[in-house]
Amino acid sequence: MSIQQHTQPVVQGSRHAFERLPLELTISIFGHLNSLSDAFALAATCRSMNGIWTKNLAHIYRFLGPRVVQCERDARILRGIQSGIPIQGFDVSVDDVRHISRNAQMAEKAVLIFERDVSCEAIR
C-alpha cells in the first residue's frame with residue numbers, strides 16, 4: 001500500500017500528526033517506507049515533512065535507497081556519470097534521488113527485455 005492511498009486531508013489550522021513526532025522518529029519512518037515514491041509522497045504532504053526530507057536526505061537515503069532500489073549502487077554510479085560529479089557514498093540531493101530511481105527503473109526494464117529476448121532466441 002502506498003502512502004497516497006492513506007493520506008487524509010489536513011484541516012486548515014490543525015497540525016499534521018507527524019509534525020508532533022520527535023525528529024528521529026520521523027526520519028526513521030522515512031527510512032522504513034516501501035519505496036522512494038512513498039518517501040516523495042510523504043515529503044509532499046506539508047512543508048514540515050519536505051523540510052525534514054531535504055535536510056536529512058543523506059541519512060534517510062542511506063537506509064531507504066539500498067533496500068528499495070534494485071541495482072542501487074549501479075544506479076547511483078550512473079547518476080554520478082550523468083551529472084558529471086561522482087556521488088560519494090550516500091551524499092545525494094533530491095534531484096539525485098529522482099534520477100537514481102529513474103535509472104534503476106530503466107535498468108530493471110532493460111533486464112526484463114534482455115531476458116525475454118534471450119529466452120526467445122533459446123527457443124528458436
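This is a predicted model: local features need pLDDT of at least 70, side-chain atom pairs count only at pLDDT 80 or more; totals for chains, interfaces and linings use all residues.
**Exercise 1.** Determine which residues of H6 are buried and how they are arranged about the helix axis.

*Solution.* Step 1. Helix H6 comprises residues 72–83, which makes 12 residues. From first C-alpha to last, H6 reaches 16 Å, close to the 16 Å expected at 1.5 Å a residue.
Step 1. The buried residues in H6 are Glu72, Ala75, Arg76, Arg79 and Gly80. Seen down the axis of H6, these buried residues fall within an arc of 145 degrees, so they line one face of the helix.
Step 2. Arg73 and Ile81 are exposed and sit on the face of H6 turned away from its buried side.

**Exercise 2.** Classify Arg76 and Glu72 as buried or exposed, and describe the contact between their side chains.

*Solution.* Step 1. The cut-off for a buried residue is under 20% relative accessible area. Arg76 has 13% relative accessibility and therefore counts as buried. Glu72 has a relative accessible area of 6%, so Glu72 is buried.
Step 1. A salt bridge joins the side chains of Arg76 and Glu72, at 2.8 Å from N to O.
Step 2. Both residues belong to helix H6 and lie four residues apart, about one turn of the helix.

**Exercise 3.** Identify where the partners of the salt bridge between Asp96 and Arg79 lie in the chain.

*Solution.* Step 1. In this salt bridge, the closest N and O atoms of Asp96 and Arg79 are 2.9 Å apart.
Step 1. The pair links distant parts of the chain, with Asp96 in helix H7 (residues 94–123) and Arg79 in helix H6, 17 residues apart.
Step 2. Both Asp96 and Arg79 are buried. A network of salt bridges links Arg79, Asp95 and Asp96.

Key:
Residues are numbered from 1 along each chain as its sequence is written. Side-chain values use heavy atoms; hydrogens and water are left out. Helices (H or I, at least four residues) and strands (E, at least two) are DSSP runs, numbered from the N terminus. The expected span of a helix is 1.5 Å times one less than its number of residues. Buried means under 20% relative accessible area, exposed over 50%, partly exposed in between (1.4 Å probe, protein chains only). The arc is that of the directions from the helix axis to the C-beta atoms. A salt bridge is a side-chain nitrogen of Lys or Arg within 4 Å of a carboxyl oxygen of Asp or Glu.
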